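Please check each point against the coordinates as you go.

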Amino acid sequence: MIVKTDDYELIREFLSGNEQSFNLLARKYQEKIYWHARRMLGDHDDAHEIVQQVLLVMYNKLNTFNFSSALYTWIYKITATRSLNFLKKRKLKRIFIFSTDESIEHQGYENIIEGMEARERFKKMEKLLMKLPVKQREVFVMRNYDDLSYEEISTITGKSIGASKANYFHAFRKIKELMEKDE
């Protein structure tokens, strides 16, 4: 059996009635959706809720995808919008809680000490991210964790490339300042 991975082909097959094609798309992107939402929201359960919402929107609205951009750009835009709406609705101001078992299992660490040190760095960075204004956090996450270009960030956020660069610069500078204060 040949597994098809071309997003456009999978979309067309799904729109023609092949449910398995949607499952392949969902599996391909669910982890990326989760981590983008997790970094934006700061909570495991909230991120899973966003994943479910985004996958549901994809399932119901894939027929509106116009093939003028990459599928992941469309998905990230939905994820970013859902995450921002979630933040606005709940005025989320929580610190990440990351259980020992979850982080070791997820990261696959064989050395518990390494896992603990990595978890501490992760917690520290996530606390710093939560101190950023939402727009700066969004651009910082997309640029650093999702490796998106400024053009892709601009498309997703609906802001100019210059505004995206400015938000990233301010976020980077603020995180650097906060890290220096913490030392």
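**Notes on the predicted model**

1. The right-handed crossing. In this predicted model, helix α2 passes α3 in a right-handed crossing. The axes of α2 and of helix α3, which covers residues 44-61, come within 8 Å and cross at roughly 145 degrees. On the α2 side the contact is made by Glu19, Phe22, Leu25, Ala26, Gln30, Ile33, Tyr34, Ala37, Arg38 and Leu41, while α3 contributes His44, Asp46, Ala47, His48, Ile50, Val51, Val54, Leu55, Met58 and Tyr59. By residue class, the contact of α2 with α3 divides into 14 nonpolar, three polar and three charged residues.

2. The course of α2. Helix α2 runs over residues 19-41 and carries a kink of about 40 degrees, centred on Tyr29. The N-terminal end of α2 is capped by Asn18, of which a side-chain oxygen lies 3.0 Å from the backbone nitrogen of Gln20. Just after the other end of α2, Gly42 takes a positive phi of about 80 degrees.

3. Asp7 and its surroundings. Which residues does Asp7 touch, once those up to four places away in sequence are not counted? They are Leu25, Lys28, Tyr29 and Leu71, and Tyr29 is also the residue on which the kink in α2 is centred. Asp7 itself lies in helix α1, residues 7-15, and its side chain is joined to that of Lys28 by a polar contact of 2.8 Å. Asp7 has a relative accessible area of 11%, and it is therefore classed as buried, the cut-off being under 20%.

4. Ser21 has its place in helix α2, and because its relative accessibility is 1%, Ser21 counts as buried. Leaving aside neighbours within four places in sequence, Ser21 is in contact with Leu10, Glu13 and Phe14. The C-alpha atoms of Ser21 and Asp7 are separated by 9.2 Å, the two residues being 14 residues apart along the chain.

5. Is Ser83 buried or exposed? Its relative accessibility is 0%, so Ser83 counts as buried; its place is in helix α4, residues 71-90. Apart from neighbours within four places in sequence, Ser83 is in contact with Ala37, Met40, Leu41 and Ile50. Among these, Ala37, Leu41 and Ile50 also take part in the contact of α2 with α3.

6. Gln53 on α3. Gln53 is found in helix α3, and its relative accessible area of 24% is why it is described as partly exposed. The C-alpha atom of Gln53 is separated by 9.2 Å from that of Ile78, a residue 25 residues apart from it along the chain.

7. Phe67, in the loop between α3 and α4, has a positive phi near 60 degrees; with a relative accessibility of 26%, Phe67 counts as partly exposed. Asp147, in the loop between α7 (134-144) and α8 (150-157), has a positive phi near 55 degrees, and because its relative accessibility is 62%, Asp147 counts as exposed. Beyond neighbours within four places in sequence, Asp147 is in contact with Met142 and Glu152.

8. The protein as a whole. How many helices and strands make up the secondary structure? The count comes to nine helices and zero strands, and from the N terminus on, the elements accordingly run α-α-α-α-α-α-α-α-α. Of the 183 residues of the protein, 42% count as buried. Among contacts in the protein with a separation of 6 or more, 64% are accounted for by residues 24 or more positions apart.

Key:
Residues are numbered from 1 along each chain as its sequence is written. This is a predicted model: local features need pLDDT of at least 70, side-chain atom pairs count only at pLDDT 80 or more; totals for chains, interfaces and linings use all residues. Side-chain values use heavy atoms; hydrogens and water are left out. The bend at a residue is the angle between axes fitted to the seven residues ending there and the seven starting there. Helices (H or I, at least four residues) and strands (E, at least two) are DSSP runs, numbered from the N terminus. A polar contact is a pair of N or O atoms within 3.5 Å; within protein, one must be able to donate a hydrogen and the other to accept it, and residues adjacent in sequence count only if both atoms are side-chain atoms. Axes are lines fitted to C-alpha atoms, for helices over the stretch in contact, and angles run from 0 to 180 degrees between N-to-C directions. A crossing is left-handed if the near helix is turned anticlockwise from the far one by less than a right angle, and right-handed if clockwise. Contact means heavy atoms within 4.5 Å. Ala, Val, Leu, Ile, Met, Phe, Trp, Tyr, Cys and Pro count as nonpolar, Asp, Glu, Lys and Arg as charged, and the others, Gly among them, as polar. Buried means under 20% relative accessible area, exposed over 50%, partly exposed in between (1.4 Å probe, protein chains only).
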